[in-house]
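Please find below my notes on the model you sent, written as numbered points so that each can be checked against the structure on the screen.

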Amino acid sequence: METTQVRNEQLNAVGTPQKAQPGTLYVVPTPIGNLRDMTLRALDILGTVDVVYAEDTRVTGKLLSAYGIAVPLERLDEATMATRMSGVLEHLKAGAAVAYCSDAGMPGVSDPGMRLIAEARHEAIPVEILPGASAVITAYVASGTTDRAFGFFGFLPRKDGERQRVFESLQSFSGAAIFYDSPHRVADSVACLAALWPKRRVTLCRELTKLHEEVLTAPAEELAALLAVRKEQGALRGEIALVIEAPSETEVEEQAQASEEDIRTLIRTLLDQQMKAKAVARQVADTFSIPRNSAYDLVLQFKQEEEVDA
């Protein structure tokens with residue numbers, strides 16, 4: 001703790017370049033599009049480590065070349081992580097200064113870097129995370145949402161059914177939900193959202209920080225209609241992030257009313273089948289994931305109302 005504190009005080013000195021320290025893993029974010037989005041500290045580290053491991057050596061190689069940095073560059077992606085990670089850790093233990101870069105943005109966010117970071121910490125190897133570009137944070141801010149909380153849920157599934165189940169699991173999530181998606185599937189993804197919550201505000205961020213950056217915000221049904229046209233025109237290209245805002249108060253009220261009606265419908269159906277109140281309560285509790293005591297109270301309340309109406 002004391003060593004880290006002294007080092008950070010030195011790093012915070014204005015204008016003081018940072019030199020990579022032996023035996024340390026540096027997690028270095030890279031631009032998500034605009035090469036000018038590199039930090040001075042990231043350039044210091046990349047220029048003084050013993051080796052840079054990268055998710056894609058072609059992408060990171062172009063970045064290093066653009067800044068005149070000549071260091072050994074090795075591939076470390078999802079396909080090679082299992083076989084090469086132990087060697088990287090041994091390299092660190094032997095005193096090498098190592099940097100890791102993903103294709104773009106912050107390593108460890110929905111990429112294989114998270115496994116390397118976790119193992120390094122497990123082995124008590126010093127890890128320094130450098131701040132920098134992140135598509136998740138950029139999309140969250142670009143959306144203009146007023147949701148104070150947000151969650152990042154990685155890449156959306158390829159299959160329609162799996163994607164719908166993911167969306168349904170977030171029906172009552174009380175913050176902005178952020179996903180990465182493919183330009184080939186995003187029109188279908190937003191159409192699925194529109195079928196579930198047509199009025200839910202959704203933002204599509206495409207090619208963030210790049211020359212053709214585009215940010216589109218609209219209710220899901222409107223955005224779905226626009227993307228359907230764009231898909232037909234073949235105009236959907238590039239890296240995409242979706243920001244789905246939390247349900248509005250109106251939507252929450254509508255969901256509550258719909259759930260109440262669904263519960264009452266099930267109670268009526270089961271009672272018509274001559275099931276006893278406790279058995280009905282058990283099934284209602286299991287179906288709607290509510291406490292059995294609460295379900296039993298709802299059954300009794302329903303029966304009382306039916307008796308009064310009769």
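The points below go from the whole chain to single residues.

1. Before anything else, please keep in mind that this is a predicted model, in which local features need pLDDT of at least 70 and side-chain atom pairs count only at pLDDT 80 or more, while totals for chains, interfaces and linings use all residues. Residues are numbered from 1 along each chain as its sequence is written, and side-chain values use heavy atoms, with hydrogens and water left out.

2. The secondary structure of the chain comes to 12 helices and 10 strands, where helices (H or I, at least four residues) and strands (E, at least two) are DSSP runs numbered from the N terminus. The chain has a radius of gyration of 26 Å, well over the 19 Å that the globule rule gives for 310 residues, so it is more spread out than a compact globule; the radius is taken over C-alpha atoms, and the rule is 2.2 Å times the number of residues to the power 0.38. Along its principal axes, the C-alpha trace spans about 85 × 50 × 40 Å.

3. Of the 310 residues, 42% count as buried, a word that stands for under 20% relative accessible area, with exposed meaning over 50% and partly exposed in between (1.4 Å probe, protein chains only). The accessible surface of the chain comes to about 17200 Å², and 51% of this belongs to carbon and sulfur atoms; such areas come from the Shrake-Rupley method with a 1.4 Å probe, and for residues only the protein chains shown count as cover. Among the contacts (heavy atoms within 4.5 Å) with a separation of 6 or more, residues 24 or more positions apart account for 67%.

4. How many salt bridges does the chain have? The count comes to 16, if a salt bridge is a side-chain nitrogen of Lys or Arg within 4 Å of a carboxyl oxygen of Asp or Glu. One of them joins the side chains of glutamate 78 and arginine 115, at 3.0 Å from N to O. Because glutamate 78 lies in the loop between strand 3 (73-75) and helix 4 (81-93), and arginine 115 in helix 5 (residues 113-122), this pair ties together parts that are 37 residues apart in sequence. Arginine 115 is partly exposed, its relative accessible area being 31%.

5. A salt bridge also forms between the side chains of arginine 201 and glutamate 245 (2.0 Å, N to O). This pair links distant parts of the chain, with arginine 201 in strand 8 (residues 201-206) and glutamate 245 in the loop between strand 10 (240-244) and helix 10 (249-272), 44 residues apart. Arginine 201 is partly exposed at 34% relative accessible area, whereas glutamate 245 is buried at 10%.

6. In the salt bridge of arginine 206 with glutamate 214, the closest N and O atoms are 3.0 Å apart. Arginine 206 is buried, with a relative accessible area of 11%, and glutamate 214 also counts as buried, at 17%. Elsewhere, salt bridges that share partners join Glu90, Lys93 and Glu123 into one network.

7. Two residues deserve a look at their backbone angles, because most residues other than glycine have a negative phi. Serine 110, which is not a glycine, has a positive phi of about 60°; serine 110 is found in the loop between strand 4 (98-101) and helix 5 and is partly exposed, at 29% relative accessible area. Glutamate 207 has a positive phi near 55°; glutamate 207 lies in the loop between strand 8 and strand 9 (214-219) and is buried, at 16%.

8. Is isoleucine 45 buried or exposed? Isoleucine 45, placed in helix 2, is buried, with a relative accessible area of 0%. Leaving aside neighbours within four places in sequence, isoleucine 45 is in contact with Gln18, Lys19, Ala20, Tyr26, Val28 and Leu130.

9. Threonine 30 sits in the loop between strand 1 (25-27) and helix 2 (40-48) and counts as buried, at 3% relative accessibility. Not counting residues up to four places away in sequence, threonine 30 touches several residues, among them Met38, Leu63, Cys101 and Ala133. Lysine 278, by contrast, is exposed, with a relative accessible area of 58%, and has its place in helix 11 (residues 277-288).
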